Amino acid sequence: METNVSDKVKTWLGVASIPIMVWTAIPLLWILATSLKSTAALADSTQNILGNFWPKHMTLDNYRLIFTGGASDLFVPALWHSIVVCLVSTVISVILATFCAYAIARLDFPGKGVILTTALAVSFFPVIAMVTPLFNLWRQIGLFDTLPGLIIPYLALTLPLSIWTLSAFFQQIPWEMEQAAQVDGATSWQAFRKVIAPLAAPGVFTTAIIAFFTAWNDFVFSSNLTSENARTVPAALAYFTGASQFEQPTGAICAAAVIVTIPVVILVLLFQRRIVSGLTSGAVKG
Amino acid sequence: MTTDSAATGTTRTKARLSDRARGERALGWRLAGPAFVIMLLVTLYPIAYAVYLSLFNYRLTDPAGRKFVFLRNYLTALTDPLFWQTFTTTFIIVVVTLVFELVLGMAIAMVMNKVVWPRKTLRTIVLIPYSIITVVSGFAWLFAAQVSTGFFNHWLHVFTFGAWNLEYDWFGGRWSSLTIICLSEIWKTTPFMSLLLLAGLAQVDSSMEEAAKVDGATWWQRFYKVILPNMKAALMVAVLFRTLDAVRIYDNPYIMTGGANKTMTLSMLVANETINRVEIGMGSALAVILFIIVLIIAFIFVRGFKVDLTGGTRGR
Amino acid sequence: MHRGFRRRRTAVAAVGAVLAATALAACGSSDESSGPARLTWYINPDVGNADPTKGGQAQLAKECSDASGGKYTISVQLLPTSASDQRIQLLRRLAASESGMDLMSVDPAFVTEFAAAGYFAPVPTSMVDEFTADRVQSAIDASKYQGKLIAVPFWANTQLLWYKKSVAEKAGIDLGEPVTWDQLIAAARKTNTSIGVQSALYEGYSVWINALVAGAGGKIVENPDATYENIKLGLDSDAGREAAAIIAKVSSTGVGGPAMGTSQETQSLDLFTSPKGGFLVNWPYTYAAYTGDKSDVGAAIYPRTVEGKDSAPPFGGIEIAVGKYSKHVSLSYQAAACITDEQHQAAYMVASGNPASRKAAYDTDAVKKAFPGGIAALIRTSLDDAVPRPLSPYWGDISTALQQKFSPPGAVTEQTPAKAQQFILDVLKGKRLL
């Protein structure tokens, strides 16, 4: 596609991409900058440069506060909760969705459309509407403020998405190759392992990343169905306190935000192409 | 399992086919069933319970005072100015963010579609806001606009050669608050929009565009007459996805204003009734109303604009 | 064609994963063992937050654990900064009948609501005397529900008028005498300085409104014990309109600062600290937290709403309550007794800047040194006059409705009190949303 683009257009497009990247990057840099500011610099614009943007003197105090200081009791457990809850719910929903999507892509059975439509409807369900019924049930059966009490509603977020995305992925797999391999004498397990698994794995993996992002992003469930024993990072951010009652937690929030952003940025950097294809294949199909 | 029969024979009779079809049918549901059932359990149950609770006047701190009121909560909610205010606020946010996201998303998609350098960097950077936690984005924009910590006022002060008030309180009024909320939303979700549109753009047959070019069509004519109509499906899906997402907006306004200055959205109203006021009955009624609004929007899109969401996954 | 696909086994594994996760969490929550009882104390943010070396509640928890002789150890859980968030956090856990709610630092504004819902374990009758001895009356009143003590007065807060001596001098205002809000606004305008107030959409705004109404001799709730159907409000009155007029004036003259509509305690303190700061109504911790030149800072009794009538300084503070579902009710009350003993009261007041509920603390040298220049005595005087917010189980709703109708401060008019009153009544009767 690139070949029929003239040099002039190339340059022009390159120039046009600069404001896009700047617009995208500024809030990210801003979070980083704020996380490096001292308490004094946060309240006093003369201690910062570039129009109160970047601190003159960078400090890691805020990172110390969230990892070893006063905010560590809130942040470190929340980080673990986030990791555990998001990984478990991602694994469960991707496993379940893999079977489901395999069936949808490969088998002919009535109700395929119902499953896909339900998945779509569920993914549009306003999560806030689930909070009260779940809270009321959870407090009665003892799931309030527990990790499973968060994993279960997270399935409602990740499962429809996984089914949807994986179905689209599996449609594109040339399943005939499995049969061809079997004709060539491979056992079906070999055919699956050597032919189908390598073809399906990228889709499953991509779906897992997207499901993970979705769970990682949740604020509504976590802020309402947990207290300190299962609270995840997004909810913890909203309840941050400074080193004392007199200090705004601005710096600590930004430091924590940087920490939780690093893993997703790494995932994006590593798997950019796959994530793009996963996001778009779930929604738009040719 | 029962499907071994299919592999044993090569001659296909009608009876065997239907055998095989029956086997597939059973296997299909066996594989897809668990996911389907769990999906229903974790969502249908709360919906049903919310509908039930919505018929009561029920305050969590006063369980003895629980009273069956039938549809009165719905009546109160739908005739309350606050409900309509949050409704309006929500739809202002939906429309504003959607328009900006469509225009910006389209522009970014078109750049991404043709750009040679920095192709990969651009695609990666654009993807990052999508993957950022919404709450983080909310805090970033909150701190950026706050009088004490922010840089907005300082930058605007410089760009307007000192005309902008350094102490302008963005969160002091409804429209300025909504501006920042929308900015955060737009920043966070435009990448997703542009990726959906990019996928649509990739489907546009470039030879048609070339042909139009040869015929002397201007860039705008080509965009309007060739590109847009050919990616209409992708466009509508993107609009539907974003609309339904934006109707549920909660995180950004919660973090930034907490609903002050008439910036409360429908989701925040539900949360406020159920969580702050512990008026579970009324909150559930509002939750059901919000769900119905989402259903209506989806219905309008699917029926009115003929958005085909499942088409591509069938019949291969 | 699907032979060999280990679907069944994998499906079993998936279900297993859910069960394992459930079992894992179940294991994590059982911590019953021998040795000292483990008490959890939900503390509101203070000078040390979770740090047990800064003299805050975390340090009291540590000292009392050490002093218990192995009977109990108290671990602290930090609640969010805003009182409304603290309430939600506590309420959610209490509603879930959590057994880990041993000790709670509760804002007096919500003590009544929680007590009415039956969330607190009753105070042992044998300890009532100990918990009420030597306490300022306003703190005892705020710890009672239906005439019975249901929480332990911990610290008793009241707002003072803080000012920069240099600014007051320049304005020519004598703060040795009680001043009115009008005089204060005039002084701030004359010197182009600000008056720090709390008028964001949060509980602190209700504190201000209540103080203004009470200062004019009014009451927001006439009969706080009444059920929601019979409640009577006194907002639509001359007192209510006086209060509204002052808020409108602070806003319209600009002395409330550029971000008055989002100003909470910390922001108002920041405003006071900034070069534009002149005056501030805030809790006594201001003095300890003030980072500028302390010798320039003076304190006076809360400003009057109307000329010639004593002001009604806000009452605040924290009561310690014991959760009904706590497994260690008796030990928790013993811990509360240790936390609020005379020595800890004075030490906490010195370190945190939060005034003690025990009168004796104010006579100690340490307190006099921490609040020099007669500020300690001023706090005690102010506590005598202090007026709590209405002790109604519905205060949460009343307060939110009140804040909403009075927000933003710039839109407050003469009609606001009447509108707010009607709105609050409608909300309580379920006719309006909130």
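Hi everyone, and thanks for coming. Please keep in mind throughout that what we have on screen is a predicted model. I'll go chain by chain, starting with A.

Chain A holds 12 helices and 2 strands. The C-alpha atoms of chain A occupy a box of roughly 75 × 65 × 35 Å along the principal axes.

Now, what does the UniProt record say about chain A? In an unreviewed entry, UniProt places the feature "transmembrane region" at residues 12-33, 78-102, 114-138, 150-170, 195-216 and 250-271 of chain A. Let's look at two of those spans in the model. Residues 150-170 of chain A are 100% helix and 0% strand, with 29 Å between the end C-alpha atoms. Residues 195-216 of chain A are also 100% helix and 0% strand, and here the end C-alpha atoms lie 32 Å apart.

Next, how many residues does each chain bring to the contact between A and B? Chain A brings 94 residues and chain B brings 87. On the chain A side, helix α12 (residues 250-283) has the largest share, with 16 residues. Sorted by class, the side of chain A that touches chain B has 68 nonpolar, 22 polar and 4 charged residues.

That brings us to chain B itself. Chain B is split into domain 1, residues 4-53, and domain 2, residues 72-313. The centres of these two domains of chain B, taken over C-alpha atoms, are 37 Å apart. Where they touch, domain 1 of chain B puts in 4 residues and domain 2 of chain B puts in 6. And are those residues on the domain 1 side polar or nonpolar? The side of domain 1 of chain B that touches domain 2 has 4 nonpolar residues, no polar ones and no charged ones.

For chain B, an unreviewed entry lists "transmembrane region" at residues 31-52, 82-112, 124-144 and 280-302. In the model, residues 82-112 of chain B are 100% helix and 0% strand, and their end C-alpha atoms are 43 Å apart. Residues 280-302 of chain B likewise come out as 100% helix and 0% strand, with 33 Å from end to end between C-alpha atoms.

On to chain C. Here we count 18 helices and 11 strands. Chain C has a radius of gyration of 24 Å, close to the 22 Å that the globule rule gives for 434 residues, so it is as compact as a globular protein of that length. Along its principal axes, the C-alpha trace of chain C spans about 90 × 60 × 45 Å.

Chain C also comes in two domains, and each is made of two stretches of chain: 37-157 with 316-385 for domain 1, and 160-312 with 394-428 for domain 2. The centres of the two domains of chain C are 26 Å apart, taken over C-alpha atoms. Between them, 21 residues of domain 1 of chain C are in contact with 18 residues of domain 2 of chain C. On the domain 1 side, the elements giving two or more residues are α3 (83-95), α4 (108-116) and α16 (375-385) of chain C. Which of them gives the most? That is α16(C), with 6 residues. By class, this side of domain 1 of chain C has 8 nonpolar, 10 polar and 3 charged residues.

Let me finish with two sheets in chain C. One is an open sheet of 5 strands with mixed pairing, in the order β2-β1-β3-β11-β6.

β8(C) and β9 (residues 277-282) of chain C pair in the parallel sense over 3 bridges, and C:Ser194 has C:Gly277 as its bridge partner.

How values were computed. Residues numbered from 1 in each chain as written. Chains lettered and ligands numbered in written order. Predicted model: local features only at pLDDT ≥ 70, side-chain atom pairs only at ≥ 80, totals over all residues. Domains from an automatic or database assignment. Contact = placed C-beta atoms within 7 Å. Helix = DSSP H or I, 4+ residues; strand = E, 2+ residues; numbered from the N terminus. Nonpolar A, V, L, I, M, F, W, Y, C, P; charged D, E, K, R; others polar. Pairing = 2+ DSSP bridges. UniProt positions renumbered as here; feature names shortened; annotations may be inferred. Rg over C-alpha atoms; globule rule 2.2 N^0.38 Å.
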